[in-house]
Amino acid sequence: MNTAYIYLQLYRLFDDITPIPADCGQLCGKCCCKGDDSGMFLFPGESSVYKLLNPEWIRIENSDLTYVHNGKKYNTEIAMCSGSCDRYQRPLACRIFPLTPYLNKDNKLEIIIDPRAKGICPLAKHFFLDDFDSKFIRNVERSFNLLLKNKHFVDFMRVYSDYIDDFRRFFTI
């Protein structure tokens, strides 16, 4: 199966659904879309979408987060944007922000508020998961339950979840 095709289909789940039934960018002046020196992780294989589309507003860089699958080491890639984008070409991490997938210690998927978002996103600072649009949360769960059927993706998620744990310990309630 074509990885780019899978991600493009997942993107469609978020074309008309957002974290809340309003423009949350009005709350913070679109802080998550400033295009500064930060970026969003691309999930394994997702960069194939950008090789296909080749948008001018994004550049792909390697991050320091690495994981191993079948004895081979992989660098996680980051999408760096210019501060404006085609909403329909945004990476999955942008579409689900400020939520993120997380594998708990039992290797079960949880959808959590991304602790890295708490510094810039009013929703991440002041909302509980139940405050988000239920269809949005369902679509996030559906997306990552599908992706987790791939063993390569599972290997990434184990390392990514440990990475998230490093941030979670600073934001306990």
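Arg 168 lies over the face of Tyr 102, at 4.5 Å from the ring centre, where a charge is said to sit over a ring if NZ of Lys or CZ of Arg is within 6 Å of the ring centre and within 35 degrees of the ring normal. This is a predicted model, in which local features need pLDDT of at least 70 and side-chain atom pairs count only at pLDDT 80 or more, while totals for chains, interfaces and linings use all residues. Residues are numbered from 1 along each chain as its sequence is written, and side-chain values use heavy atoms, with hydrogens and water left out.

The chain contains seven helices and five strands, and from the N terminus on these elements follow the order α-α-β-α-β-β-α-β-β-α-α-α. Helices (H or I, at least four residues) and strands (E, at least two) are DSSP runs, numbered from the N terminus. Of the 173 residues in the chain, 42% are buried; buried means under 20% relative accessible area, exposed means over 50%, and partly exposed lies in between (1.4 Å probe, protein chains only). Among the contacts with a separation of 6 or more, 70% come from residues 24 or more positions apart, a contact being heavy atoms within 4.5 Å.

Aromatic side chains come next. The structure holds 15 aromatic pairs, for which rings of Phe, Tyr and Trp (its six-membered ring) must have their centres within 6.5 Å, planes under 30 degrees apart counting as stacked, over 60 as edge-to-face and the rest as tilted. In one of these pairs, the ring centres of Phe 14 and Phe 136 are 5.8 Å apart and the planes stand at 75°, so the pair is edge-to-face. This pair links distant parts of the chain, with Phe 14 in the loop between helix H1 (3–12) and helix H2 (25–28) and Phe 136 in helix H6 (residues 134–147), 122 residues apart. Phe 14 counts as buried at 1% relative accessibility, and Phe 136 counts as buried at 0%. The rings of Phe 43 and Phe 156 are also edge-to-face, because their centres are 5.9 Å apart and their planes are at 85°. Here Phe 43 is in the loop between strand S1 (40–41) and helix H3 (47–53), while Phe 156 is in helix H7, 113 residues apart, and both Phe 43 and Phe 156 are buried. One aromatic cluster has among its members Phe 43, Phe 156, Tyr 67 and Phe 167.

Side chains of opposite charge can pair when their charged atoms come close. A salt bridge is a side-chain nitrogen of Lys or Arg within 4 Å of a carboxyl oxygen of Asp or Glu, and by this rule the count comes to six salt bridges. The table gives some of them.

| Salt bridge | Closest N to O |
|---|---|
| Lys 105 and Asp 162 | 3.9 Å |
| Arg 158 and Asp 155 | 3.2 Å |

Lys 105 and Asp 162 form a salt bridge that links distant parts of the chain, with Lys 105 in the loop between strand S4 (99–103) and strand S5 (109–113) and Asp 162 in helix H7 (residues 151–168), 57 residues apart. Lys 105 is exposed, with a relative accessible area of 67%, whereas Asp 162 is partly exposed at 43%. Arg 116 is partly exposed at 28%, and Asp 114 counts as buried at 4%. Arg 158 and Asp 155 are three residues apart in helix H7, so they are separated by about one helical turn. Salt bridges that share partners join Lys 105, Asp 162 and Asp 165 into one network.
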